[in-house]
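Please read the numbered points alongside the sequence and the model, which is predicted.

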Amino acid sequence: MYSLPISAMNKNGLMEIFEILSHYPSQMMMRSGDITVDAHSLIGVFSLDIHKPVELLMEHEPSESLKNALSSFVFASPTVIIVPPASD
């Protein structure tokens with residue numbers, strides 16, 4: 001799983017991020033603190049606290065076009081998150 005730290009200065013910035021992500025149909029989640037929401041859910045995205053760090057979570061490495069589209073909102077390089085297999 002890949003984590004891309006993003007930042008929006010206000011709700012308008014959050015709306016811009018949402019509009020960019022709407023052009024990329026792959027499964028994406030956004031996490032802020034203890035809250036994780038579907039990145040394609042307008043209500044979910046607007047429930048995030050933009051005063052806390054926000055991560056865009058993806059199953060695969062983001063494409064160059066997505067990185068370029070989000071470049072004004074990204075403040076660090078993507079990182080790989082190792083998710084241990086679920087225990088039975």
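**Notes on the predicted model**

1. The largest nonpolar core has 22 residues, and those touching the most other members are Ile 17, Leu 21, Met 28, Met 30, Leu 56, Leu 66 and Leu 70. At least two core residues come from each of strand E1 (2–6), helix H1 (11–21), strand E2 (28–32) and strand E4 (54–58). With five residues, H1 makes the greatest contribution to this core.

2. In general, an α-helix has 3.6 residues a turn, so residues three or four places apart point the same way.

3. The N-terminal end of H1 is capped by Asn 10, which has a side-chain oxygen 3.0 Å from the backbone nitrogen of Asn 12.

4. Leaving aside residues up to four places away in sequence, Met 28 touches Leu 21, Val 37, Asp 38, Ala 39, His 40, Leu 56, Leu 57, Met 58 and Leu 66.

5. As for the chain overall, three helices and five strands are present, in the sequence order β-α-β-β-α-β-α-β. Of the contacts between residues at least 6 apart in sequence, 64% link residues at least 24 apart.

6. Of the chain's 88 residues, 33% are buried. The accessible surface is about 5,600 Å², and carbon and sulfur atoms account for 57% of that surface.

Technical notes
Residues numbered from 1 in each chain as written. Predicted model: local features only at pLDDT ≥ 70, side-chain atom pairs only at ≥ 80, totals over all residues. Heavy atoms only, no water. Core = buried A, V, L, I, M, F, W, Y, C linked by side-chain atoms within 4.5 Å. Buried < 20%, exposed > 50% of the residue type's maximum accessible area, 1.4 Å probe, protein only. Helix = DSSP H or I, 4+ residues; strand = E, 2+ residues; numbered from the N terminus. Contact = heavy atoms within 4.5 Å. Areas by Shrake-Rupley, 256 points an atom, 1.4 Å probe, with all protein chains shown as cover. Polar contact = N/O pair within 3.5 Å; in protein donor to acceptor, adjacent residues only side chain to side chain.
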